[in-house]
Structures are given as structure tokens and as C-alpha cells.
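Please consult the sequence and the model together while reading.

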Amino acid sequence: MYNVSKLSLATLRERINAQTRTVEFKTDDGALTQMVYIPKFTIPAGAFENGAFPAKDMHLGGFFIDKYQCSHKAATPFARGCAANITVNSDEDTTNIPVSLPGKVVWTDIDQPSAKQACANRKINGVSCHLVTMKEWATVCFLTKLLGHDIRGNNSYGRDVRDADVWDNKGVPDSVQSGRVLSGTGPVSWSHNGTADGVFDLVGNVWEWVDFTITDGVYTHKKSSRINDRDGITASDTVIEIDTMENGETWPATGTIQIENEIITYGSIDYKGNGKAILSACSRAQNSTTAAAHADNTVVYQLTKYCITPGGATAYINNGSGISTSDTAIVYTDLINGPGNNGFAVGDTLQVENEQMRVTAVVSNTLTVERAINGSSAASHAKGVAVAKVSTQMQNLSPANDAYQQNYLTTMRGEDDLACMALPATANQQTNEYKDGFWIRNHGVRAALRGANWDLGAYGRAGFALYLIVAPSNRSAGIGFRAALSLEVL
């Protein structure tokens, strides 16, 4: 790592590119695959958004990522190498292994769970790869900006919408799917750093699954640690010692943890430094889980919930019997505000499962609502069902059925947990900062796609495009994936 305050931007770019390299690995099943090492680097505080983001230096990198979108190891330039819509659900599957090579039909028509398992089944020196995380994807996009490269890609049926419709601006057409191109066949401008050693096709061709899901617009962030007690803990202990904390200095003063299947809240934390802490005033067996003994060195996850919708919020119905089709009063609990929001107000539009409602009065934690607005239909909703505020920053699309919202990524969130993920703080206008579109459906479970596909045009120009619309089970010819590998485990 180097002191970014003492380097010019030009020198910083030179040093990062000098450490970026393509490596060809032989997988444990005998296939070849190419990955790019993303070196450790620092984005200086205030590098973007006219000095507003990030709020402090952001340390990123230090991992391998696939150079190209994944293909099946049996793929050719003319065939996908496997049937469409196959399911990969066994860690013993050595037939359906993804590889990253140029000039292949990319692996699409795969759901997120299968993509995760397929990535895990690719082993290098006995170590599993993994589906790219939100942080890893964002790292490469932030690096592209830092390097000053105006990245291009297949966002317009074989070329970039900003480039002339001429031969040398196009990739090699994919004969399996019109509009797609074969992996890594576009011009060098389609790589993250504008060189042949870069990561290709971050913009367009096919959307890519990343390992990130939301439920009713809410993301649960997990930071790991382990029990640090030779005897473990009993089912009644209310003090828990932990070590090997992930970003221990950022753990909240009070919070929630998960140990195996048990949810526990803690009332205070005594952080000792060096990744060690003591959690006190612990309340066991929360959220209808069961108190249990847990052994020393068992993984402990600290859980923090974030509403992902800029200008939105999510809470949960707390009426004893839920609400009927005609009830107009909603008692809510556990409000989670999105960035720029402060609770519910008169005039807000709410999304409750597939029904939209309008708030007509707010008294404490009780909302009076007008039911079945915008062409939606009234329905019964059980206690615990989410109540999500529809953001005024974005369009309210398909409100009558399976509504979603859309606009552009305008500014990024700065929380310690989220700044590295390129998630929007505001989404109200297109700018040249991040350029790309943002879509969210704030009801149900949604898995993240990034990067855009071959027909997104101006909505996908920088790799940041974020699509939180579809369920993890979704499959299409416009959705693929790529893998990553942590350097420390090789």
C-alpha cells in the first residue's frame, strides 16, 4: 500500500496498472481459466462527487476476478456447452464448471443459486472460487473511474451506443443469441483499464449476478467474528467474548448477532482492539429462534439492516391479526429509513406486497391509508408483512401489478458498511459521475444484477448499473455471471 496523499493522480494510475495482471489458472478438474489480479489500492477521500465521496480514504482490491464473463467449460464459439436452464446444486458437480476464456458463448439462462454453486465448484489448488460480491464488483467500477478510463461495452446490439456503428467498434456476434457477442471479443476500450490486461465486458453484453439480495427493499449486512471462549457459551450465557472481528471498530454499540440458528441482541460492546470484544447484556433466542450452546470458535455474524431505496423506508405490520381488505389503519414497527428519508408522512405512497396505498394521516406509529390506489387491488396482509415507502426520487412503474421504481444512480452511500458497494444515496437524475441506471422492486426477495445487457443503451455506460428487480430464481438469455477468488487463500 502506498500513501496516496503523496502521489499525483497520474503516478497513482501508473502504479495500479503496473500491478494489474492476467493470470491463467488450471482448475482442479483440468480446465483453463483466466483471471485478473486487482491490486490493493486506495481511493482518496473526496475523489468523486466534487469532493463529497468517499468521506474518507477507501481501501480496496487484493483479489482475482474473472477476466471475461463466464462460459461453461464445454462452450465453444458456436455452442453454449450445456443445456439452457440447467440447475447446479451439488458441490460434487465437476461437469458444470464455469471458465473465463475469450471467444466463447457466455453462460446464461442460469439462476443466482446455480451461479453461486457453479463458481464454488471451480477449484484452484483445492480452493473454491465464489460468485463476485457487491464489493468486488464495485471495486472494479471505482477503479475504472480512478484510472480515468471512459469504459465502453456492448450496450447496443454488438457495440457501445456512444461509438460509431462501424466494424472495429464491435464484438464478434454470438450465433446463439442475437445482440450478444462472444466473451472478450470487443475492442480494448471494453476493458476496465483500457488495456489488454484488463477485466472485459463489465459494461453490457449480459447482466451479471452478484452475491447480494434484498427482502422488501432491505439488505442485511453481515460482519463476521468468532466465539473466543475455550468452553464455548451455554444456552443461558448473557456475556459473549469474540475475536477475529471483521471491522471491529465499526460494530454498533448495541446490536444483533447470529450464531448458527440463534438470533441474539446485545446491550453493550467493549471493543478491546485487535479484533477482540466483549458483548454484554445479551438477550437470547430472539426472533422466535431457540437458545442453544455454541462451541468455541463458532462463527458470529453481526447483523445490520439497511433500506436500499433512496428516499424510501421499510417497516412491518404490527396489527395483531394483520389487516383485512377493508382496514384503513396500519400499526407499524421496526422502521428502517432509506437515505434521505425520515419516517412516513401524509401523501406517501406505500407498497404492501402487490397493493399500493396512500397515507392520509400519521399518528405515532399508526398510519391511516387509502387502499388499492394506482390501479392495484386490495388484499389481506398478515402481521409482519413489510410496508415500503415508494420513493419520490424515482418513477413508480407498473403500480397496478408487481410495481418497481427506476431512475439513475446520482450519488453513493457513505456508511462504513456500504460505501465500498456503490449503492445509491440519491437516484434522481443522470449525471456524468456514475452515468448508469438503477432499478428496484421493494417487495419480495430480489437478487442483484450489475453491468447492463446488450440493449440497455445510455442506462448502462460505466458498469455501475444496478438492477434489483428479479427474484434469485430468474433465468434469461440476458443474465450471466463471473467468479472471483480471494488472494489470501491461495
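A residue is called buried when its relative accessible area is under 20%, exposed when over 50%, and partly exposed in between, with a 1.4 Å probe applied to protein chains only. The model is predicted, so local features need pLDDT of at least 70 and side-chain atom pairs count only at pLDDT 80 or more, while totals for chains, interfaces and linings use all residues. Residues are numbered from 1 along each chain as its sequence is written, and side-chain values use heavy atoms, with hydrogens and water left out.

Side chains of opposite charge can pair when their charged atoms come close. Here a salt bridge denotes a side-chain nitrogen of Lys or Arg within 4 Å of a carboxyl oxygen of Asp or Glu. Across the whole structure, 26 salt bridges are found.

One of them joins glutamate 355 to arginine 371, with 2.7 Å between the closest N and O atoms. Because glutamate 355 belongs to strand β23 (residues 355-363) and arginine 371 to the loop between β24 (366-370) and β25 (386-389), the pair ties together parts 16 residues apart in sequence. Helices (H or I, at least four residues) and strands (E, at least two) are DSSP runs numbered from the N terminus. Glutamate 355 and arginine 371 are both buried. Elsewhere, salt bridges with shared partners connect Asp150, Arg152, Asp160, Arg162, Asp163 and Lys435 in one network.

A further salt bridge, at 3.2 Å from N to O, is formed by arginine 80 and aspartate 109. Arginine 80 sits in the loop between β6 (71-72) and β7 (98-99), and aspartate 109 in the loop between β7 and α2 (112-121); the two are 29 residues apart. Both arginine 80 and aspartate 109 are buried.
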